[in-house]
Amino acid sequence: MSALVRLYPQAWRDRYEVEFQGLLEARPPTARDRLDILRGALDARLHGEIPGSAERPPRIAPIERLAGGAALVVGLALTAWTALLLRDFRGWDAGEPPTAFLIGILGAISLLGLAAAHALLGLAGLGRTRAFGPIAASIAVACFGLTAFGGGATLIYAVVASVVLAVAMAGRSIPVWLAIAWIGATVGMTGAFLGIFSSDGTDLGSLRLLVPYGLAWILIGVVVLVRGLPARTPARPIPAERATEPQAE
Amino acid sequence: MPDEGFDLGRFAEPSLYILVSLSDGPKHGYAIMTDVEEITGTPMGPGTLYGALARLERRGLIEALEPVERRRPYRLTGLGEAMVRAQLERLSGFARTGMERLGETS
């Protein structure tokens, strides 16, 4: 039974473990109770409703859920697409056009990427990157849209979109591990792009570098769904002398 | 089940059961579970019980007392008592209206 209790976060266990174990000893849990405990542990991890712990996590806005969901689906789709390419890839210039199925998947990825980029950048643009947000969103959306045409240029557009996304996200206080995962994945994707072009589109091995990129999207999607977008970096304070300047008519 | 703006989510209904259970005095977790089962006829799982207890305590609707051995009793706060009273009055009005309407049609 202690194994089930260990699923709860440490802060919860510090507060409730002793009495909870006592309860389970007094009333041995049924199979249904065990499921209920699993659900309770998941809830405690997701919502952190523990008396005396730090501030309650903010509610995740619907737009953040949409962004996270889109990022997750993009990640899953990209990973699936990469797997299919690795299976069927003949080289971009091998004279064999991509199958309709692959084009369809690529189109779906592009549309979802568009939604994710728009939502993420639109939100990022609300912080100190207010002026940059809409521009970055437009660039990223255009790049993701262009990927629908396929071909070797697909990865160029994807790299540009990734860099723009990364710059826009820099306006937020992203956890270090997430930033490292994101940068690592983007480097991997750039490596895949370089590998393909340096081998005239015949290097299958470098395509594997796309996998971490897809996984990074999945990771970002899950994090945004569970925790919402990272807190915005506070805007720089306006210097006193500028703050008191009269507004231009 | 309305939760009076306390944002209890899926724990709103179990929370009301717990508040009702504590209405006649402090109880520890096991006593609350058995009492709720007796009142409602439906068992409450341990995960649900402690998910609701944590929320209620965090919102100041109940408070934890000093533990006795491994059992920690909980009791209603003034805010918790006001909330459960308001909810029960609303439910009572709802039930009365429903019964009246049933009486009209039978």
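Over which residues of chain A does pLDDT stay under 50 while the model has 24 contacts beyond four places in sequence? That stretch is residues 124–130 of chain A. Here pLDDT is the predictor's confidence in each residue, from 0 to 100, and two residues are in contact if their C-beta atoms, placed from the backbone, lie within 7 Å.

1. Basis of the note. This is a predicted model, in which local features need pLDDT of at least 70 and side-chain atom pairs count only at pLDDT 80 or more, while totals for chains, interfaces and linings use all residues. Residues are numbered from 1 along each chain as its sequence is written, and chains are lettered from A and ligands numbered from 1 in the order in which they are written.

2. Confidence in chain A. The mean pLDDT of chain A is 65, and 35% of its residues reach 70 or more. Within this chain, confidence is highest in α2(A), at a mean of 89, and lowest in helix α10 (residues 240–243), at 45. Residues 233–249 of chain A also stay under 50 in pLDDT, and the model has 9 contacts beyond four places in sequence for them. Where pLDDT is low, the predicted coordinates should not be read in detail.

3. Make-up of chain A. Chain A has 10 helices and 0 strands. Both kinds of element are DSSP runs, numbered from the N terminus: helices are H or I over at least four residues, and strands are E over at least two. Of the 249 residues of chain A, 33% count as buried. A residue is buried if 20 or more other C-beta atoms lie within 10 Å of its own, exposed if 12 or fewer, and partly exposed in between, with C-beta atoms placed from the backbone. Among contacts in chain A with a separation of 6 or more, 77% join residues 24 or more positions apart.

4. Make-up of chain B. Chain B has 4 helices and 2 strands, in the order α-α-α-β-β-α along the sequence. Buried residues are 36% of its 106 residues. For contacts in chain B with a separation of 6 or more, the share from residues 24 or more positions apart is 47%.

5. Helix α1 of chain B. This helix is largely enclosed by the rest of the structure, because 7 of its 10 residues are buried. The buried residues are P14(B), S15(B), L16(B), Y17(B), I18(B), L19(B) and S21(B).

6. Packing of α1(B) on α2(B). Helix α1 (residues 12–21) and helix α2 (residues 29–40) of chain B pack at about 105 degrees, with their axes 9 Å apart. The two are therefore roughly perpendicular, a term for angles of 65 to 115 degrees; under 35 is roughly parallel, over 145 roughly antiparallel, and the rest oblique. Axes are lines fitted to C-alpha atoms, for helices over the stretch in contact, and angles run from 0 to 180 degrees between N-to-C directions. From α1(B), Y17(B), I18(B), V20(B) and S21(B) meet I32(B), D35(B), V36(B), I39(B) and T40(B) of α2(B).

7. Where the chains touch. The contact takes 21 residues from chain A and 17 from chain B. On the side of chain A, the elements that give two or more residues are α2 (10–26) and α3 (31–47).

8. A backbone detail. E69(B) has a positive phi of about 55 degrees although it is not a glycine. E69(B) sits in the loop between β1 (62–64) and β2 (74–76) of chain B. This residue is exposed, with 9 other C-beta atoms within 10 Å.
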